[in-house]
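Subject: Structure handover and findings

Hello,

Here is the structure for your files. My notes on it follow below.

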Amino acid sequence: MKNFTNTYIFLYITALVVIIAVVLTLVSTGLKPRRDRNKQAEKCQQILRAAGHDIDRSKAVEAFSRLAEPLTEDGQRYRVICSDGTAGIAVRLDGKGLWGPIWGYAVISEDGQTVKGVTFDHKSETPGLGAKITDEAFQKSFEGKKLYDKDGHFVSVRVLKAGKNPEIAAENRVDAISGATITSRGVDEMMGRIAIHN
């Protein structure tokens, strides 16, 4: 059996680590354009879905170029043609869920009064609980909701437990996800920040 010196072992491990690091860097660099395209397609698809369009991700970028135009240089707001033929303003939303970031887009009517649609996504929410923010039923519950109360005061669309805060009108609220209090609160806070953009 060969006896290797400590120097040999150290040099061998160092060379191995350097080779692996170089290979991983090359793979990561080579895949970056594909990752960027996928992220762009996902963003376009989310905005179009919030506007009522059901478009496959492979066609989302092309459809987005026809149906949307940026309103800000930072990519936070877009004017978008909704599936009903009307225009809306798509607003980027960012917040915190139970286990990590949550985000999405809300499409608001051009007068800034009504939610036309939303999409939400998450990094690591609990399946069957907080992850339900991606469910179509939850997202559809925002459609047609009002951001202002009858007196013209901004109240947003509140995400509240059923039966709680009865003073908030039905047109200004949706039901929170049962068992996902922190994630529901995160969505509520994201919706509350829409006023900044109007």
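How many helices and strands does the protein chain have? The protein chain has four helices and seven strands, where helices (H or I, at least four residues) and strands (E, at least two) are DSSP runs numbered from the N terminus. Read from the N terminus, the order of elements is α-α-β-β-β-β-β-α-β-β-α.

Some ground rules. This is a predicted model, in which local features need pLDDT of at least 70 and side-chain atom pairs count only at pLDDT 80 or more, while totals for chains, interfaces and linings use all residues. Residues are numbered from 1 along each chain as its sequence is written, and side-chain values use heavy atoms, with hydrogens and water left out.

Overall shape

The protein chain has a radius of gyration of 23 Å, whereas a compact globule of 198 residues would have one near 16 Å. That radius is taken over C-alpha atoms, and the globule rule is 2.2 Å times the number of residues to the power 0.38. Along the principal axes, the C-alpha atoms fill a box of roughly 85 × 40 × 25 Å.

Of the 198 residues, 36% are buried; buried means under 20% relative accessible area, exposed over 50%, and partly exposed in between (1.4 Å probe, protein chains only). The chain exposes about 12000 Å², and carbon and sulfur atoms supply 56% of that area. Accessible areas come from the Shrake-Rupley method with a 1.4 Å probe, and for residues only the protein chains shown count as cover. Among contacts (heavy atoms within 4.5 Å) between residues at least 6 apart in sequence, 45% join residues at least 24 apart.

The largest pocket

The largest pocket has a volume of about 340 Å³. The search runs on a 1 Å grid over the protein atoms alone: a pocket is an open set of points with protein on both sides within 12 Å along at least five of seven lines, whereas a cavity is a set where a 1.4 Å probe fits but cannot get out. Grid points are joined across faces, edges and corners, and the volume is the space filled by probe spheres set on the points.

The lining has 17 residues, and Arg-49, Ala-50, Gly-52, Lys-140 and Glu-143 lie nearest the centre of the pocket. The elements that give two or more residues to this lining are α1 (6-50), β5 (115-122) and α3 (136-140). A residue counts as lining if it has an atom within 4 Å of a point. By type, the lining divides into four nonpolar, six polar and seven charged residues. Here Ala, Val, Leu, Ile, Met, Phe, Trp, Tyr, Cys and Pro count as nonpolar, Asp, Glu, Lys and Arg as charged, and the others, Gly among them, as polar.

Helix α4

Is Ser-184 buried or exposed? Ser-184, in helix α4 (residues 181-192), counts as buried because its relative accessibility is 2%. Leaving out residues up to four places away in sequence, Ser-184 touches Val-159, Ala-176 and Ile-177.

Asp-188 also lies in helix α4. Its relative accessible area is 12%, so Asp-188 is buried. With the sequence neighbours up to four places away not counted, Asp-188 touches Val-157, Arg-158 and Val-159. The C-alpha atoms of Asp-188 and Val-159 are separated by 4.9 Å, although the two are 29 residues apart along the chain.

Thr-181 is in helix α4 too and, at 38% relative accessibility, counts as partly exposed. Thr-181 and Gly-152 are 29 residues apart along the chain, with their C-alpha atoms separated by 29 Å.

Loops with positive phi

Ser-156 sits in the loop between α3 and β6 (158-160). Its phi is near 70°, a positive value in a residue other than glycine. Ser-156 is buried, because its relative accessibility is 1%.

Asn-165 sits in the loop between β6 and β7 (173-175), with phi near 50°, again positive in a residue other than glycine. At a relative accessible area of 33%, Asn-165 is partly exposed.

Val-27 is found in helix α1 and is partly exposed at 44% relative accessible area. The C-alpha atoms of Val-27 and Lys-146 are separated by 48 Å, and the two are 119 residues apart along the chain.

Asp-56 lies in the loop between α1 and α2 (57-67). Asp-56 is partly exposed, with a relative accessible area of 48%. From Asp-56 to Glu-42 is 9.7 Å, C-alpha to C-alpha, across 14 residues in sequence.

Regards
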